[in-house]
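Dear colleague,

Please find below the structure that I am handing over to you.

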Amino acid sequence: MAVWLFGLSVLGAVHSVGAEQLKDPLQTVEQNCLSCHQSGAGNAPRPQNHGDWRSLLEEYTLEQLVDHAWDGRGRMPARGFCRDCTYEDIEQAVLYMIPQRLLQDSSDD
Ligand code: HEC
């Protein structure tokens, strides 16, 4: 539940703080993430793929996954190809790739 609320509050923030220069998560993902994540090359979790993300969310919290995308982990390069992304942009991109249903299901912490 905590994870779900976290996701919701983040999504809410995009709409309410229009003044801040958050990128459009769709564009961030298309331009900086899909070249690897679309095909799942190198074990990259595929966008909206239930199984790929479920196993990650069983192992890590959403916050940890965002940190991995930000700092890099294994073959995941820090921030993907997005040199000028803020932490919030990366967070939005990760949320964009995870199926909504999983964000709602993960009630373990
Ligand atoms: C150069 C290829 C590449 C790009 C670009 C890329 N990724 Fe990844 N990503 C990977 C690979 C490969 C993995 C699997 C890493 C592993 O298991 O070692 C991964 C894993 C992840 C994970 C799961 C982290 C974990 O704990 O295993 C997240 C979240 C993620 N990427 C987010 C993103 C986001 C957001 C972007 C765009 C801003 C992005 N990635 C761009 C290759 C890429």
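Two residues are said to be in contact if their C-beta atoms, placed from the backbone, lie within 7 Å. Helices (H or I, at least four residues) and strands (E, at least two) are DSSP runs, numbered from the N terminus. A residue is called buried if 20 or more other C-beta atoms lie within 10 Å of its own, exposed if 12 or fewer, and partly exposed in between.

Please note that this is a predicted model, in which local features need pLDDT of at least 70 and side-chain atom pairs count only at pLDDT 80 or more, while totals for chains, interfaces and linings use all residues. Residues are numbered from 1 along each chain as its sequence is written.

Overall, the chain has 7 helices and 0 strands. Of its 109 residues, 30% are buried. Among the contacts with a separation of 6 or more, 68% join residues 24 or more positions apart.

The ligand is surrounded by 27 residues, counted where the C-beta atom lies within 6 Å of the molecule. The closest are Cys33, Cys36, Gly42, Gly74 and Gly80. Two or more residues of this shell come from each of α2 (25-32), α3 (34-37), α5 (62-71) and α6 (87-97). By class, the shell has 15 nonpolar, 9 polar and 3 charged residues; Ala, Val, Leu, Ile, Met, Phe, Trp, Tyr, Cys and Pro count as nonpolar, Asp, Glu, Lys and Arg as charged, and the others, Gly among them, as polar.

Turning to α2, its residues Pro25, Thr28, Val29 and Asn32 are buried. They lie on the same side of α2, because they cover an arc of only 100 degrees around the axis, the arc being that of the directions from the helix axis to the C-beta atoms. The face turned away from that buried side carries the exposed residues Leu26 and Gln27. The cover over the buried residues of α2 includes α3 and α6.

The axes of α2 and α6 come within 9 Å and cross at roughly 85 degrees; axes are lines fitted to C-alpha atoms, for helices over the stretch in contact, and angles run from 0 to 180 degrees between N-to-C directions. The two helices are therefore roughly perpendicular, a term that covers angles of 65 to 115 degrees. Pro25, Leu26, Thr28 and Val29 of α2 meet Asp89, Gln92, Ala93, Tyr96 and Met97 of α6. These contact residues divide into 6 nonpolar, 2 polar and 1 charged.

In α5, the buried residues are Leu62, Leu65, Val66 and Ala69. They fall within an arc of 100 degrees seen down the axis, so they line one face of the helix. Gly72, which follows α5, has a positive phi, near 85 degrees.

His37 lies in helix α3 and is buried, with 21 other C-beta atoms within 10 Å. Leaving aside residues up to four places away in sequence, His37 touches Ala44, Pro45, Arg46, Pro47 and Met97.

Finally, two loop residues deserve mention. Most residues other than glycine have a negative phi. Asn43, in the loop between α3 and α4 (50-59), has a positive phi of about 80 degrees although it is not a glycine. Arg79, in the loop between α5 and α6, has a positive phi of about 65 degrees. Asn43 counts as exposed, with 10 C-beta neighbours inside 10 Å, whereas Arg79 counts as buried, with 21.

With kind regards

Notes. Angles under 35 degrees count as roughly parallel, over 145 as roughly antiparallel, 65 to 115 as roughly perpendicular and the rest as oblique.
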